[in-house]
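Keep the viewer open as you read.

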Amino acid sequence: MSAHPEKPKPAPVQCVGPEYRSESQKPTATVSTDVEFETVTVLPQTPQLIALLSKIRDRDTERGDFIFYSNRIIRLLVEEGLNHLPTVEHTVTTPVGRPYDGLAFEGKICGVSIMRAGEAMEQGLRDCCRSVRIGKILIQRDEETAQPKLFYDKLPTDIAQRWVMLLDPMFATGGSAIMAVEVLISRGVPEEHILFINLIASPEGIKNFATKFPKLRVVTAFIDQGLDEKNYIIPGLGDFGDRYYTM
């Protein structure tokens, strides 16, 4: 059996745009690969999202623009992630004295970023959730074995009573994310109380993750074609942390 990943399937291409426009009026673009897991949510493949992803994938995009457009996508991901948190019925009275039957979030949340690239997603969470607590986990991949190794974690003491939004932009083999979830579970967080927020994933990583944690939900912007011989996502966007923080 080969130690290398299978050759990725051709990228899916389709017309993207509003439903009211005919196919002839819509541009074609590469869209996310389909996966058969009910726990995995991929953002709608809209022209806006594809345009934003095109900017951050472009090797000629400068760091300032990379940060700006990445933050746009992260905000979309966090907003979608919040849709998966539990809510309860909540009626309020409007300024004109009328009732409105609405909703309220149920339970406390926190963010946990997988350092260092995951820290780039923290501000997007703070923009949506005031005074949210954020923990950190440092996991690094051994370049020789491609296996993750845990170096450090700092988590809220009451994390077992919170809904956790786990943050990491790139999801290749899934090794780091799996280890991070195992850390959270060891601290008493129920698997079904963890939501993994991610920018770009590989089909292999998604399969490994969703199979191992069938109760955990994943929200991603895009599932790419696959992994190369070095377990890098292709077509990918390079090293997210380097492009966000240093390049």
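In helix α1 (residues 47–57), the buried residues include Leu49, Ile50, Leu52, Leu53 and Ile56. Around the axis they cover an arc of only 160°, so they sit on the same side of α1. What do the buried residues of α1 pack against? Their partners are β2 (28–30), α2 (63–82), β11, β12 (217–223) and α6 (240–245). Please keep in mind that this is a predicted model.

That packing leads us to the nonpolar interior. In soluble globular proteins, nonpolar side chains tend to be buried together. Here the largest nonpolar core has 41 residues, and those with the most contacts inside it are Ile73, Leu77, Ile109, Ile197, Leu199, Ile200 and Phe240. Two or more residues of this core come from each of α1, α2, β9 (162–167), β11, β12 and α6. Helix α2 gives the largest share, 7 residues.

Now for the rings. How many aromatic pairs does a search of the whole structure find? It finds 8. One of them joins Phe171 and Phe196 edge-to-face, at 5.0 Å centre to centre with 75° between the planes. Because Phe171 lies in strand β10 (residues 170–171) and Phe196 in strand β11 (residues 194–201), this pair ties together parts that are 25 residues apart in sequence. Both partners are buried: Phe171 has a relative accessible area of 2%, and Phe196 has one of 0%. Phe209 and Phe213 form another edge-to-face pair, with centres 5.4 Å apart and planes at 70°. Phe209 is buried at 1% relative accessible area, and Phe213 is buried at 4%. Elsewhere, ring pairs link Phe66, Phe240, Tyr244 and Tyr245 into a cluster.

Next, the backbone has a few spots worth checking. Most residues other than glycine have a negative phi, and most peptide bonds are trans. Against that background, a cis peptide bond joins Met115 and Arg116, with omega about 0°. Arg116 lies in the loop between β6 (108–115) and α3 (122–128). The bond from Ile234 to Pro235 is cis as well, with omega near 0°, and Pro235 belongs to the loop between β14 (233–234) and α6. Ser131 has a positive phi, near 55°; this residue is in the loop between α3 and β7 (133–141). Is Ser131 buried or exposed? Ser131 is exposed, with a relative accessible area of 74%. Asn231 has a positive phi near 65° and lies in the loop between β13 (226–227) and β14.

Finally, let's zoom out. The protein has 6 helices and 14 strands. Its radius of gyration is 19 Å, close to the 18 Å that the globule rule gives for 247 residues, so the protein is as compact as a globular protein of that length. The C-alpha trace spans about 65 × 50 × 35 Å along its principal axes. Buried residues make up 43% of the 247 residues. Among contacts between residues at least 6 apart in sequence, 62% join residues at least 24 apart.

Methods:
Residues are numbered from 1 along each chain as its sequence is written. This is a predicted model: local features need pLDDT of at least 70, side-chain atom pairs count only at pLDDT 80 or more; totals for chains, interfaces and linings use all residues. Side-chain values use heavy atoms; hydrogens and water are left out. Rings of Phe, Tyr and Trp (its six-membered ring) pair if their centres lie within 6.5 Å; planes under 30 degrees apart count as stacked, over 60 as edge-to-face and the rest as tilted. Helices (H or I, at least four residues) and strands (E, at least two) are DSSP runs, numbered from the N terminus. Buried means under 20% relative accessible area, exposed over 50%, partly exposed in between (1.4 Å probe, protein chains only). The arc is that of the directions from the helix axis to the C-beta atoms. Contact means heavy atoms within 4.5 Å. A nonpolar core is a set of buried Ala, Val, Leu, Ile, Met, Phe, Trp, Tyr and Cys residues joined through side-chain atoms within 4.5 Å. The radius of gyration is taken over C-alpha atoms; the globule rule is 2.2 Å times the number of residues to the power 0.38.
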